[in-house]
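Good morning, and thank you for coming.

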Amino acid sequence: MAAIKSLIGAGWLKDSDDNFQSLASLAGFHITKFTFDSAANDAGSTPASNKTVAAHPMAVTIPDNAIVIGGHVDVIAAVTSDGSATIAIHLVNANDLFSATSGAKANLTLAAQKPMATWTTPIKLEEEKAVTVTVGTAALTAGKLDGYILWMEGA
């Protein structure tokens, strides 16, 4: 493991840069955060309420050639609905990150931590993709979640 230099006195800026350079083994690994808030509108060309039953593009994208290897959902405000609402999260295909089964309203209670899909097969993107959250079955009355997508740079 690389030795981290102490950041004291003269030369601290160079020492700081040297520290980042010594962590090169982490280069190419990324975590992208997005927030889905039922009280807001999506990032579509004609923004729609995130409460509606529809696919809602987020303002966050994952780049071309990224290899998505994991992620999780942190429920900030419980997902509620007058029906049996579901939430799915995807990049390429429906449910590829977080399925509607995992995203059933009963599973998305306050402070719940939910893993994204089981990563037996990572997803390699062939083009930049927006994170999309799909509300299914019934409209939402409330809910907010932060999602964290883990990916690394591919060629």
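Let me begin with a definition: a residue is called buried under 20% relative accessible area, exposed over 50%, and partly exposed in between, using a 1.4 Å probe and protein chains only. What you see is a predicted model, in which local features need pLDDT of at least 70 and side-chain atom pairs count only at pLDDT 80 or more, while totals for chains, interfaces and linings use all residues. Residues are numbered from 1 along each chain as its sequence is written, and side-chain values use heavy atoms, with hydrogens and water left out.

First, the layout. The protein chain has one helix and eight strands; these are DSSP runs, numbered from the N terminus, with helices being H or I of at least four residues and strands E of at least two. Along the sequence the pattern reads α-β-β-β-β-β-β-β-β. Of the 155 residues, 34% count as buried.

The largest nonpolar core has 29 residues, and Phe34, Ile62, Ile87, Ile89, Val131 and Ile149 have the most contacts inside it. Such a core is a set of buried Ala, Val, Leu, Ile, Met, Phe, Trp, Tyr and Cys residues joined through side-chain atoms within 4.5 Å. Two or more residues each come from β1, β2 (54–62), β3 (67–81), β4 (86–90), β7 (129–136) and β8 (140–152). In soluble globular proteins, nonpolar side chains tend to be buried together.

Strand β3 also holds Val68, which counts as buried because its relative accessibility is 0%. Val68 lies 84 residues from Met152 in sequence, yet their C-alpha atoms are 6.6 Å apart.

Where is Asn50 placed? Asn50 sits in the loop between β1 and β2, and is buried because its relative accessible area is 2%. Its side chain reaches the backbone nitrogen of Asp42 at 3.3 Å. Setting aside residues up to four places away in sequence, Asn50 touches several others, including Phe36, His56, Met58, Val135 and Leu140; contact here means heavy atoms within 4.5 Å.

Finally, the surface. Is Phe29 buried or partly exposed? Phe29, in strand β1 (residues 29–37), is partly exposed because its relative accessible area is 41%.

Terms used. A polar contact is a pair of N or O atoms within 3.5 Å; within protein, one must be able to donate a hydrogen and the other to accept it, and residues adjacent in sequence count only if both atoms are side-chain atoms.
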